[in-house]
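Please walk me through this structure, from its backbone details to its overall dimensions. Plain paragraphs will do.

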Amino acid sequence: MTTAATIVTYNRSGDLRVCLTAISRLDPPVDEVIVIDNASTDDTAEVLASEFPHISVHSEPRNIGGAGGFSVALQLAMDRGHSHAWLMDDDAIPTPSSYGPLRRLIDDPSIDPQPSFLASHVIQPDGRDLASHIPPSTDDTIEASRAARFACVPVQHASFVGVLINLSYARRTFLPVAEFFLILDDLEYTSRLGTLAPGWLVPDSRIMHPDKKLLTRYNPRWWMGVRNSLWIVRDRRLASAYVRRGRLRGVVRPILSSAVRAPSKAQFLKQLFDVMAQVMRQPPKLRRPAGRQG
């Protein structure tokens, strides 16, 4: 079993330096570190070359977003022969002992079948839980009992802030949907993996991440979330049934309430029409991993 820690970055060399320094202090260490640089225009390339010459760097010619970056990262991890890929944002800070619990689980022959993913427990820098990154548990009591024997909890999905992907399952489904760009790509992908085999939350594996503000209504990222939610609802190949139901509820109510509160109803309706047109006419491309199994 070997693990590649994969980090997607764009114009955040300071955060990336902290993340990579934390990874260098892991005990036990990961087998390889892969950084996907999404065409950064700051000093990211210089920081990587001068301070972290031992890591593997893949530079994209343009910014393909977190979704596109993690899609590339998973394919690279497969191509390099790894059994697992530990995905995290460039502002994630794994604690020194965060990889150990994950490693012990993937090395344990008594865990059969192995989970499709193992999610690290995301905390704020002050040590409190980061509620927005704590995934909901499943209602599978048999799996809950099995996971509890290893101090884990079966969950519906996970975020790309420290999730260890079992690549034997990743080869059996589509890569993360690159067209999502930023929003809901992790929820969609990990819940889809969960339809192949359960995923577990590993409370003893802790990763720090800043508590970011929720999306502001009407800005481009908010509309991206609306579009991606509608893509999930419309295409049964995406996500799990649990997530598709949740996205249907989660997108209809905000649209209705936002329509009422919008400063300009005409502008809101125009943007909504544009998003709906894109959802209907430009569905995302679902890409299988090269050399996939199953």
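**Backbone, cores and overall form**

Leu-184 is placed in the loop that separates helix H6 (167-170) from helix H7 (185-193); helices here are DSSP runs of H or I with at least four residues, strands are runs of E with at least two, and both are numbered from the N terminus. The model is a predicted one, in which local features need pLDDT of at least 70 and side-chain atom pairs count only at pLDDT 80 or more, while totals for chains, interfaces and linings use all residues. Residues are numbered from 1 along each chain as its sequence is written, and side-chain values use heavy atoms, with hydrogens and water left out.

The phi of Leu-184 is near 70 degrees, which is positive although the residue is not glycine. Leu-184 counts as buried because its relative accessibility is 15%, where buried is under 20% relative accessible area, exposed is over 50%, and partly exposed is in between (1.4 Å probe, protein chains only). Ala-39 is another non-glycine residue with a positive phi, near 60 degrees. Ala-39 sits in the loop between E2 and helix H2 (44-51), and its relative accessibility of 23% makes it partly exposed.

Together with H2, the strands E2 and E3 form a right-handed β-α-β unit. Right-handed means that, with the strands pointing away from the viewer, the path from the first strand over the helix to the second runs clockwise.

Two cis peptide bonds come next. One leads from Asp-27 to Pro-28, with omega near 5 degrees, and Pro-28 belongs to the loop between helix H1 (13-24) and strand E2 (32-37). The other leads from Asp-112 to Pro-113, also with omega near 5 degrees; Pro-113 belongs to the loop between helix H4 (99-106) and strand E6 (117-123).

Helix H3 (residues 65-79) has 15 residues and reaches 21 Å from its first C-alpha to its last, close to the expected 21 Å, which is 1.5 Å times one less than the number of residues. Of the 15 residues in H3, 13 are buried.

How many residues does the largest nonpolar core have? It has 32, and those with the most contacts inside it are Ile-7, Leu-20, Ile-23, Val-30, Trp-86, Met-88 and Leu-118. Such a core is a set of buried Ala, Val, Leu, Ile, Met, Phe, Trp, Tyr and Cys residues joined through side-chain atoms within 4.5 Å. Apart from neighbours within four places in sequence, Ile-23 is in contact (heavy atoms within 4.5 Å) with Ala-5, Ile-7, Val-30, Val-33, Met-88 and Pro-94. A second, separate core has 27 residues, among them Leu-87, Phe-117, Val-155 and Leu-193.

As a whole, the protein has 10 helices and 9 strands. Its C-alpha trace spans about 55 × 50 × 45 Å along the principal axes. The radius of gyration is 19 Å, in agreement with the value near 19 Å for a compact globule of 294 residues; the radius is taken over C-alpha atoms, and the globule rule is 2.2 Å times the number of residues to the power 0.38. Buried residues make up 52% of the 294. Among contacts between residues at least 6 apart in sequence, 79% join residues at least 24 apart.
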